Amino acid sequence: EGLDADLSGVRLAVIPSLVEGCSDAIRANFERALVELANAGAHIEEAEPLAGFADDWRGLVGSIISVE
């Protein structure tokens, strides 16, 4: 159990809106993974890169993905 790596100096961004609506089990696993990454030295911050850009940014992203 646990991550066997030194992630000191690694910066990660979590986009909370991307995990909204996940099942409780998936959310719990995600949160545990973040704890493991932080325990290994990673610096974790929250970011919402599309905040204020569009009310339905998921629709925009879905359109891009379907075209690709």
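**Exercise 1.** With which residue does R11 form a salt bridge, and how far apart are the closest N and O atoms?

*Solution.* The model is predicted; local features require pLDDT of at least 70 and side-chain atom pairs pLDDT 80 or more, while totals for chains, interfaces and linings use all residues. Residues are numbered from 1 along each chain as its sequence is written, and side-chain values use heavy atoms, with hydrogens and water left out.

Step 1. A salt bridge requires a side-chain nitrogen of Lys or Arg within 4 Å of a carboxyl oxygen of Asp or Glu. R11 meets this criterion with E45, the closest N and O atoms being 3.6 Å apart.

Step 2. Because R11 belongs to strand β1 and E45 to strand β2, the pair ties together parts that are 34 residues apart in sequence. Strands are DSSP runs of E with at least two residues, helices are runs of H or I with at least four, and both are numbered from the N terminus.

Step 3. Buried means under 20% relative accessible area, exposed over 50%, and partly exposed in between (1.4 Å probe, protein chains only). R11 is exposed at 64%, whereas E45 is partly exposed at 36%.

**Exercise 2.** Determine how β1 and β2 are arranged and connected.

*Solution.* Step 1. Two strands pair if DSSP finds at least two bridges between them. Here 4 bridges join β1 (residues 11–14) to β2 (residues 43–46), and the strands run parallel. L12 stands opposite I44 in β2.

Step 1. From β1 the chain passes through helix α1 (residues 24–39) to β2, a right-handed β-α-β crossover. The term applies if, with the strands pointing away from the viewer, the path from the first strand over the helix to the second runs clockwise.

Step 2. Along the sequence, the complete pattern of the protein is β-α-β-α.
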